[in-house]
Amino acid sequence: MTLRIERSKGRIRLSGEFRVGQLDQVKTEIDRCKSPVVLDLEELDLIDLEGVRFLNACEAKGISILHCSPYIREWMLQERGRQKEHPEP
């Protein structure tokens, strides 16, 4: 399965699998939206580490994330903790 991106006003719905290869597509969609941007992850089934890091960066920039599955939310929290312990240069 691949990633499907649907944009409606300030909401971007991601469905399927979100992997590093789709980061540029999602960034482009975010750039096309007027603020405030909301990412809706209700139908997102699978994500990789780079996707989790991207979602954390989005939240840090003020982008809201809705309907995030518990496993993705937990992974995001764990990754934030790791980045605080070992910040990248």
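Buried here means under 20% relative accessible area, with exposed over 50% and partly exposed in between (1.4 Å probe, protein chains only). The model is predicted, so local features need pLDDT of at least 70 and side-chain atom pairs pLDDT 80 or more, while totals for chains, interfaces and linings use all residues. Residues are numbered from 1 along each chain as its sequence is written, and side-chain values use heavy atoms, leaving out hydrogens and water.

View 1. At 11% relative accessibility Phe54 counts as buried, and so does Phe18, at 0%. (Rings of Phe, Tyr and Trp, the last by its six-membered ring, pair if their centres lie within 6.5 Å; planes under 30 degrees apart are stacked, over 60 edge-to-face, the rest tilted.) The pair ties strand E2 (residues 11-18) to helix H2, across 36 residues. Helices (H or I, at least four residues) and strands (E, at least two) are DSSP runs, numbered from the N terminus.

**View 2. Helix H2 crosses helix H3.** The axes of H2 (residues 49-60) and H3 (residues 70-85) come within 9 Å and cross at roughly 80°. Axes are lines fitted to C-alpha atoms, for helices over the stretch in contact, and angles run from 0 to 180 degrees between N-to-C directions.
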